[in-house]
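Visitor: Please show me the model, and let us discuss it by question and answer.

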Amino acid sequence: MSAAPLVHSRLSRWFPVLPALVVAVGLWTIFDRQEKYGQQARFAALAEERNLAVQLAFEEAQRVSHSLLGLFKASDSVERVEFESFAGNELQMRAEIKALEWIPRVTAEDRARHQAATRAEGFPDYVITERAHGGFVEAGARAEYFPVHYLVPMEPNVSALGYDLGSQQTRRVVLERARDTGKLTATPALQLVQDDLSESATLLILPVYHNQATTDTVAQRRVALTGFILAVVPVGAVVKPAIERFAAAGLALEVADLSAPTGLQVMYVHGEWPPAETGLQGEQRFSVGGRVWRVLCRPTPAFFGTGQLRLSWLLALLAFFGCLAPGFWLQSSLARARRVERLVQTRTHELRTSTKQLGAILETAVDGIITIGVDGLIRDANPAAYRIFGYTPEELLGRSVSSLIGTSQRGHRDERLRNFLAGGDARVIGRWRELKAQRKDGTEFPIELSVAEILLPAESGETDDERLFTGVVRDISERKRARAELMAAKDRAEAANQAKSEFLANMSHEIRTPMNAIIGYTECLLDGLDGPISKDQEASLKKVAKAADHLLHLISDVLDLSRIESGKLELSRELCDAHEIARSCIQTLEGMAGTKNLRMETRFDAQRSLLWADRQRLRQVLINVLGNALKFTEHGEIVVSTSEQPHALHISVKDSGIGMTEEEVARVFGKFTQASMSTTKKYGGSGLGLTIAKDLVVMHGGEIRVQSTRGTGTEFTIVLPYRQPGAPTSPDEATAPGEQDPPAEPRDSGTPGGTGIVRQVMVIDDDAAILDLIEKTLRHTQVGCFAVRDPTRALALAREHKPDMILLDIVMPRLNGLDLLRQLKQDPETCEIPVFMMSGANNRDLALQLGAQSYLEKPVNKERLLRSLTHVCPQRKPRIAVVDDDPIALDLLQRFLGEKEFAVTWYADGAQALEGFGQQIPDAILLDVCMPILDGLELMDELKRRSELARVPVVVISNKDLTLAERDRLTTWGHRFLQKAGLSRVEVLQAVMLALQQRSDS
């Protein structure tokens, strides 16, 4: 029989049942489609409800963080008890949140204070820590820290207390993003430091700023940051309560962080995750802390099993058995065979392609790849492995892998290798580890090793799968060498910078010395000590003096910066009044402000203004900040204000100048930088003043902040702590400014043989400005001064106080100065008091005839007034000894002191001076520190050992930057120190007067 009739015969036998088959298939199709639609609708509803529940659970965790933020906004300072009470109430309602924490911002300068304060709260072992070597260690040195400070609940999380979140890269990046954006920010999946949870957790971080601070820009937010509120949210702990009521629904759920890198997105899976063949899945996306999250639902086989018995399958079964069972079986078998054949062909082609690709990868890989059996023998390796270890394939294959380990580590590593091959170690699998390896020639070199386990299906007749291990070896010799070279270059650069700073700090004497001659001789020429000069010469000399003064300030700034960098700058702390220092700085700069018609005002709101600080350095900070404000302000005003905080004083300098942009604010404290090139050309300056100011403030334990807007002005805020550790806590422990001992009773200084030193001066003048000027001139000379504006009371006051000297104006209302002079000279109680007349009128001859000792023309010259104090008793000139090996310094001091007022003796070194003192004891000594044979400090030690010289006052005048210990020695001995750089005649005369006063009092 031919093939065609055979086929026709077979089809004819099936023809009677074809209508039944069509009906059965039609019914099955209709009911199957309806049942699928019902399942899809039920799945969609359940998936949407479950996904929404997860989203709401995360949003509730965010709400808890924001409710804590309200606590910090309601108070400037949140105590631990308040935080624990508030957070504990929130956690009672949201038990799925593992912990709520307060993370303060702690600067390097505040670290010790922060740790001490926390220990005082009941945590005696508290330190700021970081993770290293699998445990907690004390945190290294950094500019700022973000430790876990408040922690609720404490008991299960106590190991995290003090942990610095900024010490770990992932956490630090999220902290900085939250700080700069001002928004709640979430971390990617993390392993918590306080436990070993296998599931992922995320940290919700919310920044907290000073309540009164402006946070419109990134720069402002960085300055205003006080810390962070942190919620520890294990994903599983949040998701499980939200989906508990759907546990029997037969749905699998996956929570993923889509903002994470591919491969690290899935954070939590509930249920056995099914494949996607069903085509059914529900997806919900939402944002938590700036990260995009996805909740995905899929049905499990249990979901489909929960439905009713499918009628379509029953009808299909009846149709199969009743109509088409034999034919369907045959047709299905043939179709299956064809599918299997095609599948085998496809898989064979894919396997061949994959094998070729894998071979090419192994051949070209840079890293060595070695296959190891459980017996520790090498089964296979790629060309890179042969190259790295120096073996041929015949030599390497079959060797024990332990022979590739360095000799120094072989014993320890052999034991670990045997344990690993015997049972596997999850801590080793898939991780890079560094160790020493050994080549064929015996040389050891560093490698990185990563091991993976492979299970090969068992062959027929075997029960267990074969275990193999693949090791990836990476030669890191070049990396180690490059790193060592980089670290060596870094060390050399740091050493060179340190050497530069130490060189400049140690060479301050030699660097400043040439400037002394320039400034000193210029001042002598301007004062006419070498004869009269023309107006053109005076103008030129003023320009020289101005340029020299600018250069001296630049040199001083560079030296100060070098001393700070080299650690040689020390603070001489004392209890000082910040308000008094601020007023003094304003008085110093009033002349500069007057030339620009600028107003300088003070607004002191702080009641407490006493600081334990270095008076000279605090004045330097304010001068630098005020000078910067004057430089960049063309019109308006400059206001210095203070405000009192619990533990610190805020000193603000606000101007109405040109202001700065955010970029300029960011670099305002940089070395040798200014706002921009255009401002540098227009306003000048070295760019070091604010840098030094910031460094000095930081050395005091404070900080300096800046806020500025282009075109509207700038405000610098200096924050200084009231008290340092070990500092006096009240004026009873240290003499505060303005609380010196009362002036001694007036004593007769006009006796024969006296030194001619004035202790008390009476000034009689109706002009308040003149009285103020004289009072300021005598303020630093320890000469008592009291003013009389009513001349009719002057005679009675002179009888009562017996002053050593009287300064008397001539032109006054009610009683003329010349008439008052007659009364003073006619009265037996006042006739011996020297009187110096002051007037702008030409009454010199008449005043001298009436008994005046001298005549001062108004306006009174400061230097002449100081010299006049030495003329009161002319019986003997004060003997001044000048000890200095610099001939230029000797010449300048000779010009400054003059020949008429003092008897000056000059010595070139300390040994020569000691010999001269044996013949004549001076009243005061002006002494340089750096000298040959016997330097200044050694000379002072020798003076203290000789009783006849021990009480002679010494004024140290030197370019050398004395250490804090050397300054303390001078203070203890009652001596004074003057810096040669920029020294003026007035400073020299004032220092000599103070020294002679000290000699007279002793």
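Guide: Rings of Phe, Tyr and Trp (its six-membered ring) pair if their centres lie within 6.5 Å; planes under 30 degrees apart count as stacked, over 60 as edge-to-face and the rest as tilted. This is a predicted model, in which local features need pLDDT of at least 70 and side-chain atom pairs count only at pLDDT 80 or more, while totals for chains, interfaces and linings use all residues. Residues are numbered from 1 along each chain as its sequence is written, and side-chain values use heavy atoms, with hydrogens and water left out.

Visitor: Which residues form one aromatic cluster with Phe72?
Guide: By the ring rule, the count comes to ten aromatic pairs. Phenylalanine 72 and phenylalanine 83 form one of them, edge-to-face, at 6.4 Å centre to centre with 65° between the planes. The residues in one aromatic cluster with Phe72 are Phe83, Trp102 and Tyr150.

Visitor: How many residues apart in sequence are the parts that the pair of phenylalanine 72 and phenylalanine 83 ties together?
Guide: Helices (H or I, at least four residues) and strands (E, at least two) are DSSP runs, numbered from the N terminus. Phenylalanine 72 lies in helix H2 (residues 18-73) and phenylalanine 83 in helix H3 (residues 80-93). The pair therefore ties together parts whose separation in sequence is eleven residues.

Visitor: Is phenylalanine 83 buried or exposed?
Guide: Buried means under 20% relative accessible area, exposed over 50%, and partly exposed in between (1.4 Å probe, protein chains only). Phenylalanine 72, at 7% relative accessibility, counts as buried. With a relative accessible area of 0%, phenylalanine 83 is likewise buried.

Visitor: Why is the pair of phenylalanine 669 and phenylalanine 716 edge-to-face?
Guide: Phenylalanine 669 is buried at a relative accessible area of 17%, and phenylalanine 716 is buried at 2%. Their ring centres are 6.2 Å apart, and the pair is edge-to-face because the planes stand at 80°.

Visitor: Which residue has its charged end over the ring of tyrosine 722?
Guide: A charge sits over a ring if NZ of Lys or CZ of Arg is within 6 Å of the ring centre and within 35 degrees of the ring normal. Arginine 131 lies over the face of phenylalanine 136, at 5.0 Å from the ring centre. For tyrosine 722, the charged end lies 3.8 Å from the ring centre and belongs to arginine 608.

Visitor: Which strands stand at the edges of the open sheet of five strands?
Guide: Two strands pair if DSSP finds at least two bridges between them. The order of this sheet is E6-E1-E9-E8-E7, with antiparallel pairing. One side of each edge strand is left without a neighbour in the sheet, because each has a single partner strand; these are strand E6 (150-152) and strand E7 (185-186).

Visitor: How many bridges does E9 share with E8?
Guide: Strand E9 (residues 225-234) is mostly covered, with nine of its ten residues buried. Six bridges join strand E1 (residues 99-104) to E9 in the antiparallel sense, and alanine 99 stands opposite valine 232. The antiparallel bridges between E8 and E9 number nine.

Visitor: Within what arc do the buried residues of H22 fall?
Guide: In helix H22 (residues 794-801), the residues Ala794, Leu795, Leu797 and Ala798 are buried. They line one face of the helix, because the arc, taken from the directions from the helix axis to the C-beta atoms, is 165°.

Visitor: Which helix do the buried residues of H22 pack against?
Guide: Contact means heavy atoms within 4.5 Å. The buried residues of H22 pack against strand E26 (760-764), strand E27 (784-788) and strand E28 (805-809), and also against helix H23 (817-826).

Visitor: Which residues is glutamate 272 in contact with, leaving aside its neighbours within four places in sequence?
Guide: Glutamate 272 is found in the loop between strand E11 (266-270) and strand E12 (282-288). Its relative accessible area of 72% makes glutamate 272 exposed. Apart from those neighbours, glutamate 272 is in contact with Ala252 and Thr300.
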